[in-house]
Amino acid sequence: MSLLDPEELTSSHAPTWASWDDLEREALGCTKCPLASAGRTQVVFGVGARDADLVFVGEGPGAEEDKQGIPFVGRAGKLLTQLIEGIGMTRDEVYIANVVKCRPPGNRDPEPIEIETCRPYLEAQLAFLEANVIMTLGNFATKLLLDTKIGITKLRGQEFEVALGKSGEKQVLVPTLHPAAVLRNGGPALAQARSDFVVAKRALARRLEAR
Ligand code: URA
């Protein structure tokens with residue numbers, strides 16, 4: 001179990017690609033997993049500031065994201081935007097990516113083979129971004145990046161030390177509920193998500209002060 005073991009979470013983060021542009025070019029043309037031929041319109045690579053202090057990692061594009069080529073632009077995306085704005089930030093100053101970059105058909109969960117095949121792209125994004133704080137949105141991103149089987153309801157709102165950037169410097173990872181789950185579950189889930197965002201905001205403020 002490597003959940004609380006930053007050593008393991010930091011093992012190899014030298015990106016396979018020489019530059020972000022190389023990474024993005026390859027990802028945008030990717031046909032390595034079944035999602036490439038499962039009806040995707042386009043690869044949804046990610047959006048936001050390349051020098052973001054705060055990065056979000058969701059699960060995978062839905063129908064609207066597949067159409068527009070931008071993560072979190074549907075209903076769940078609108079809630080994500082509100083949560084970001086609720087901590088005094090804007091979508092433009094953060095970076096938003098997903099575990100899988102192509103829409104699973106019918107909004108089904110991504111399969112393990114799809115997650116594993118897409119994983120190098122996310123790992124390279126995080127390696128290049130080197131954000132101070134990473135928020136994982138829901139189970140898929142949290143389990144992947146913390147290398148754990150523990151569910152989101154037990155992990156949300158806590159700070160975990162990781163080092164997913166290429167420098168190997170410590171970062172804070174804060175899991176929170178997926179915005180789509182918040183939409184499904186209503187009031188109490190929204191309160192939990194808001195409180196998780198405050199945890200991330202405080203972690204970020206602390207790290208920026210320490211610089
Ligand atoms: N849900 C996700 O996990 N990612 C998106 O981009 C949109 C909805």
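Predicted model: local features only at pLDDT ≥ 70, side-chain atom pairs only at ≥ 80, totals over all residues.
A crossing of two helices is left-handed if the near helix is turned anticlockwise from the far one by less than a right angle, and right-handed if clockwise. Two packed helices are described by the angle between their axes and the distance between the axes.

The crossing of helix H2 with helix H5 is a left-handed one. Here H2 spans residues 20–28 and H5 spans residues 112–129, and their axes come within 11 Å and cross at roughly 160°. Because angles over 145 degrees count as roughly antiparallel, H2 is roughly antiparallel to H5. On the H2 side, the contact is made by Trp20, Leu23, Glu26 and Ala27, while H5 supplies Tyr121, Ala124, Gln125, Phe128 and Leu129. Sorted by class, these residues of H2 and H5 comprise 7 nonpolar, 1 polar and 1 charged.

Helix H5 also meets helix H6, which covers residues 139–146; the two axes come within 12 Å and cross at roughly 75°. An angle from 65 to 115 degrees counts as roughly perpendicular, and H5 is therefore roughly perpendicular to H6. In this contact, H5 brings Ile115, Glu116, Arg119, Leu122 and Leu126, and H6 answers with Phe140, Leu144 and Leu145. The class count for H5 with H6 is 6 nonpolar, no polar and 2 charged residues.

Another pair is formed by helix H4 (residues 75–86) and helix H9 (residues 187–209), whose axes come within 9 Å and cross at roughly 45°. That angle makes H4 and H9 oblique to each other. The way H4 passes H9 is a right-handed crossing. Leu79, Leu80, Leu83 and Ile84 of H4 make the contact together with Leu190, Ala193, Arg194 and Phe197 of H9. By class, 7 of the residues joining H4 and H9 are nonpolar, none is polar and 1 is charged.

Attention now turns to the ligand. Which residues are around the ligand? They are Gly58, Glu59, Gly60, Pro61, Glu65, Pro71, Phe72, Asn98 and His178. Among them, Gly60 has a backbone N or O atom 3.0 Å from a nitrogen atom of the ligand. For Phe72, a backbone N or O atom likewise lies 2.9 Å from a ligand atom, in this case an oxygen. The side chain of His178 also takes part, with an N or O atom placed 2.7 Å from an oxygen atom of the ligand.

Terms used
Residues numbered from 1 in each chain as written. Heavy atoms only, no water. Axes fitted to C-alpha atoms, helices over the stretch in contact; angles between N-to-C directions. Helix = DSSP H or I, 4+ residues; strand = E, 2+ residues; numbered from the N terminus. Parallel < 35°, antiparallel > 145°, perpendicular 65-115°, else oblique. Contact = heavy atoms within 4.5 Å. Nonpolar A, V, L, I, M, F, W, Y, C, P; charged D, E, K, R; others polar. Near = heavy atom within 4 Å. Polar contact = N/O pair within 3.5 Å; in protein donor to acceptor, adjacent residues only side chain to side chain.
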